[in-house]
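I opened this notebook to record, entry by entry, what I looked up in the structure.

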Amino acid sequence: MAVLTESDVRTALAKVIDPEIRKPITDLGMVKSIDISDDGAVGVGIYLTTSGCPMKTEISDRVKNAVADVEGVGTVSVELDVMNDEQRTELRKSLRGDSAEPIIPFAQPGSLTRVYAVASGKGGVGKSSVTVNLAASLTARGLSVGVLDADIYGHSVPRMLGNDAKPTQVEKMIMPPQAHGVKFISIAQFTQGNTPVVWRGPMLHRALQQFLADVFWGDLDVLLLDLPPGTGDVAISVAQLIPSAEILVVTTPQQAAAE
Ligand SMILES: Nc1ncnc2c1ncn2[C@@H]1O[C@H](COP(=O)(O)OP(=O)(O)O)[C@@H](O)[C@H]1O
Ligand SMILES: [Mg+2]
């Protein structure tokens with residue numbers, strides 16, 4: 001019988017994908033240690049990105065299952081630890097590059113993500129409904145889709161997706177929650193309860209910039225922006241931040257909406 005080696009276990013761990021970052025845990029510096037006993041019992045030490053990681057159990061289960069499948073492995077135990085600041089900085093650099101400036105990946109030349117801003121002249125015409133349903137159907141077709149709730153005052157994306165999860169934060173990187181396979185971010189995830197947001201234009205611009213640059217969207221095929229009604233600050237910011245964004249106008253037959 002072949003002797004079980006650390007490299008066998010590492011090969012198995014390379015197939016474990018971090019549920020949030022969606023990359024192998026071995027590429028993310030998340031494997032802390034591998035211990036193999038003579039009787040085939042394997043102990044794996046895993047670094048989580050944050051102590052409050054909501055995916056703790058999921059990651060632990062994925063590791064256990066992957067290692068248990070290796071020939072010669074007896075029992076598998078997983079011990080969780082948390083990255084220190086240096087390790088988190090390394091992780092951010094490996095994911096985002098070394099630049100200090102927030103970079104909007106969708107505005108870079110060569111970006112493969114199609115960005116659609118869903119807009120309308122009036123409120124209540126179905127923008128958010130179109131956005132989330134389009135996102136869910138495109139996801140069902142196998143595309144990787146993100147939704148950015150740019151309707152800061154009238155956010156409704158988390159409710160429509162039926163998910164009020166809070167994003168996890170790794171350093172300055174924000175991991176978007178997922179619902180129906182759609183990654184989404186909304187100001188609702190950062191406010192207490194139903195507190196209204198009362199911001200002027202520059203704050204809106206900054207929030208939008210952060211949602212575009214600091215949220216780790218990964219390689220999206222499509223990003224949908226659910227805009228507030230009208231041609232206000234947010235619409236202007238979108239045009240400035242992602243000049244290549246396309247626009248999808250939603251209207252109802254009423255003249256006041258169509259105009
Ligand atoms: N195609 C549709 N037919 C009927 N009602 C709709 C349709 N799309 C949306 N609605 C309803 O209209 C209201 C406003 O929709 P919403 O998507 O929130 O609009 P907006 O984002 O433009 O403000 C909601 O109550 C929604 O359920
Ligand atoms: Mg809306």
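I began with Arg-88, which is buried at a relative accessible area of 15%, where buried means under 20%, exposed over 50% and partly exposed in between, using a 1.4 Å probe and protein chains only. This is a predicted model, in which local features need pLDDT of at least 70 and side-chain atom pairs pLDDT 80 or more, while totals for chains, interfaces and linings use all residues. Residues are numbered from 1 along each chain as its sequence is written, chains are lettered from A and ligands numbered from 1 in the order written, and side-chain values use heavy atoms, without hydrogens or water.

I then looked for the partner of Arg-88 and found a salt bridge with Asp-85, the closest N and O atoms being 2.9 Å apart; the term asks for a side-chain nitrogen of Lys or Arg within 4 Å of a carboxyl oxygen of Asp or Glu.

I looked up the buried residues of H3 next and noted Arg-88, Leu-91 and Leu-95. Seen down the axis of H3, they fall within an arc of 60 degrees, taken from the directions from the axis to the C-beta atoms, so they line one face of the helix. The face turned away from them carries the exposed residues Asp-85, Glu-86, Glu-90 and Ser-94.

Last, I checked the ends of H3: Asn-84 caps the N-terminal end, with a side-chain oxygen 3.1 Å from the backbone nitrogen of Glu-86, and Gly-97, whose phi is positive, near 85 degrees, follows the helix.

Methods: Helix = DSSP H or I, 4+ residues; strand = E, 2+ residues; numbered from the N terminus. Polar contact = N/O pair within 3.5 Å; in protein donor to acceptor, adjacent residues only side chain to side chain.
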